[in-house]
Amino acid sequence: MSTTTVAPEKAAAAAAASPQATVRISGGAAVLEAFLAEGVSTIFGYPGGAIMPIYDSLYDYQDKLKHILVRHEQGGIHAAQGYARTSGDVGVVFATSGPGATNLVTGLADAMIDSTGLVCITGQVFAHLLGTDAFQETDVINITTPVTKWNYQVTDATEIPAVLAKAFYIARSGRPGPVLIDITKNAQLQLFDYAGYEKCTHIRSYRPAPIVRKEYLEQAAELINAAQKPFVLFGQGVILGKAEEQFRAFIEKTGIPAAWTIMGLSALPSDHPLNVGMLGMHGNYGPNVLTNECDVLIAVGMRFDDRVTGRLDKYAKQAKIIHLDIDPSEIDKNVQTTVPVWGDCKETLPMLTGLVTQKEHTGWVEVFRDYARKELEQCIHPELNPTDPVLTMGEVIKTLNELTNGDAVIVTDVGQHQMVACRYAQFTQSKSNITSGGLGTMGFALPAAIGAKFGAPERTVVAVIGDGGFQMTLQELGTIMQSGVAVKILILNNQFLGMVRQWQQLFNDRRYSFVDIASPNFVQLAAAYGISGASINSRDLLKNALHAMLDHPGSYLLEVMVGKENNVFPMVPQGCSVAEIRLK
Ligand SMILES: Cc1ncc(C[n+]2csc(CCOP(=O)(O)OP(=O)(O)O)c2C)c(N)n1
């Protein structure tokens, strides 16, 4: 099948010419013109009948747009998420109608809850067949409405430039999120008079960048200046707002200790003296306990997720709460604020820094250090320096840190290894920790690591994955093979669905119900895809094996056998207050 598209050069010429000049192009070509105008360089996708006209147009754009053929649409969308997270821009996905579109749903939900900007294009059956249960017809608009920031169905090609401009604007602006544009096949094929592309900068009734209310900043500064035990919690909003420097300036001027949610990890270097660690269920001891002792809690770009707050009616009840967020629906959603600061933290943080007095809270920071010492002794030291011959997950991550100097991007899957990686990874730069935070999607890491590497080709990307999660999307080894992307895969194999097993051990009386998981020979599997690898099960081999993985010029799979019942602590048991955190 071939569509009558004009060459990309002609379309570009039309774009550059006077507004009246037009050129006839197809809807499919208009999609790709929009991508070029929006600075897209990489598309993750999988073709099929209903998106064939767009793929036919793509044939002519191969020198301008890189298309990565994934092995499953879920892999495609997670790869786009990884790309968005390391590049700081939106990720772009193509999928066909029906099963192609429904295979995107997990990734959309993941991107929605983790605020990842995506533009997904799905093919749809011809407009005249809509509603007839045509082959591979599915109502993707209704299916994806709760998991997209915006979605829209295009049935006429003339709409494409303006709709895509809106899609990119919505995906990128304010609190980023996934947008899905469903395009019927007739609209992809349709030729129309293309008059060039105009970026969208405004949508009526959508306010991604609110006008900051100065009086709230003044109230916030007053509370901060009077506080004896202030505490900052930061989330991914700092990274998404590209406000790392502004954030750092704020905590350094105020001298306030700062703890991160797993989505905020790497916004502040791990070794910063005011970085006191991780919040939440498997977070650090001090930050959890002291949440219930601080007098002013300043939340920056985080959403008080239940994994962070534990039991809400016992959460920071003593504290005055200042919440800086770009999304007004997050303010007062879970935690009642004393002072709401609605705005982009890249703008609000410097304004706040200008209003606060320079301070040090040495004694208060020392309280965090005291807790850290207790945690080190009872929890961290045994994990990182085990006497047992069996390897722990913590020591693997510690050795990985040493060998990468904290400069690698670490992409984690979901489970114990994820919590261990987040707890022990050391980061020197932002956008280094890529994980599925809100949805907790097993199978995320392998494809996300592929996208992460395309988004930051100059950086080392290591996917840290459990033996369970790896088996959810291992078909993406095929994408690695074909694209040649240099992703390092580190499987921490405890022969269990470890996190569920840990809960069964602690809360279900060791009734291990269907958590024992068998695995294939991962090294042979990788070899079948042309990927080098090794498997080790002893401490003596750990450093050299990690070295070999990192030094290998291309992709590499290293399986490390770790303790079957190696647990992650501390832990705030579900339904408990953060102050009830257990060290064992
Ligand atoms: C798609 C999906 N299904 C089920 C779960 C529930 N779940 C959370 S962690 C976990 C176990 C993960 O096991 P593994 O990948 O081996 O990692 P480990 O916890 O052992 O490090 C499961 C089943 C999930 N998070 N995602």
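**Entry 1: strand E5**

I began with strand E5 and found both of its faces covered: Leu118, Cys120, Thr122 and Gln124 are buried on one side, and Val119, Ile121 and Gly123 are buried on the other. I take buried as under 20% relative accessible area, exposed as over 50% and partly exposed as in between, with a 1.4 Å probe and protein chains only. In a regular strand the side chains alternate between the two faces of the sheet. I read helices (H or I, at least four residues) and strands (E, at least two) as DSSP runs numbered from the N terminus.

**Entry 2: basis of the model**

I note that this is a predicted model, in which local features need pLDDT of at least 70 and side-chain atom pairs count only at pLDDT 80 or more, while totals for chains, interfaces and linings use all residues. Residues are numbered from 1 along each chain as its sequence is written, and side-chain values use heavy atoms, with hydrogens and water left out.

I looked up the confidence, pLDDT being the predictor's confidence in each residue, from 0 to 100. The protein chain averages 96, and 97% of the residues score at least 70. Over residues 1-5 pLDDT stays under 50, and I list 14 contacts beyond four places in sequence for this stretch. Contact here means heavy atoms within 4.5 Å.

**Entry 3: partners of E5**

I then followed the pairing of E5, where two strands pair if DSSP finds at least two bridges between them. Strand E4 (residues 91-95) runs parallel to E5 and is joined to it by 5 bridges; Val93 stands opposite Cys120. Strand E7 (residues 178-184) also pairs with E5 in the parallel sense, over 7 bridges, and Gln124 has Thr184 as its bridge partner there.

**Entry 4: the sheet containing E17**

I traced an open sheet of 6 strands with parallel pairing, in the order E16-E15-E17-E18-E20-E19. Its edge strands, E16 (433-434) and E19 (532-536), each pair on one side only.

Strand E17 (residues 461-466) pairs with E15 (residues 409-412) in the parallel sense over 4 bridges. Val409 is the bridge partner of Val461, and Thr412 stands opposite Val464. E17 and E18 run parallel and are joined by 5 bridges, with Val462 partnered by Lys488 in E18.

I checked the burial of E17 and found 6 of its 6 residues buried. Val461, Ala463 and Ile465 lie on one face, and Val462, Val464 and Gly466 on the other.

**Entry 5: a helix across the sheet**

I find helix H24 (residues 539-551) lying across E17, E18, E19 and E20, at about 160° to E20. Axes are lines fitted to C-alpha atoms, for helices over the stretch in contact, and angles run from 0 to 180 degrees between N-to-C directions.

**Entry 6: Asn567**

I located Asn567 in the segment after strand E20 (556-561). Asn567 counts as buried because its relative accessible area is 14%. Its side chain makes a polar contact with the side chain of Gln505 at 3.0 Å. A polar contact is a pair of N or O atoms within 3.5 Å; within protein, one must be able to donate a hydrogen and the other to accept it, and residues adjacent in sequence count only if both atoms are side-chain atoms. Leaving aside neighbours within four places in sequence, Asn567 touches Glu383, Gln416, Arg501, Gln502 and Gln505.
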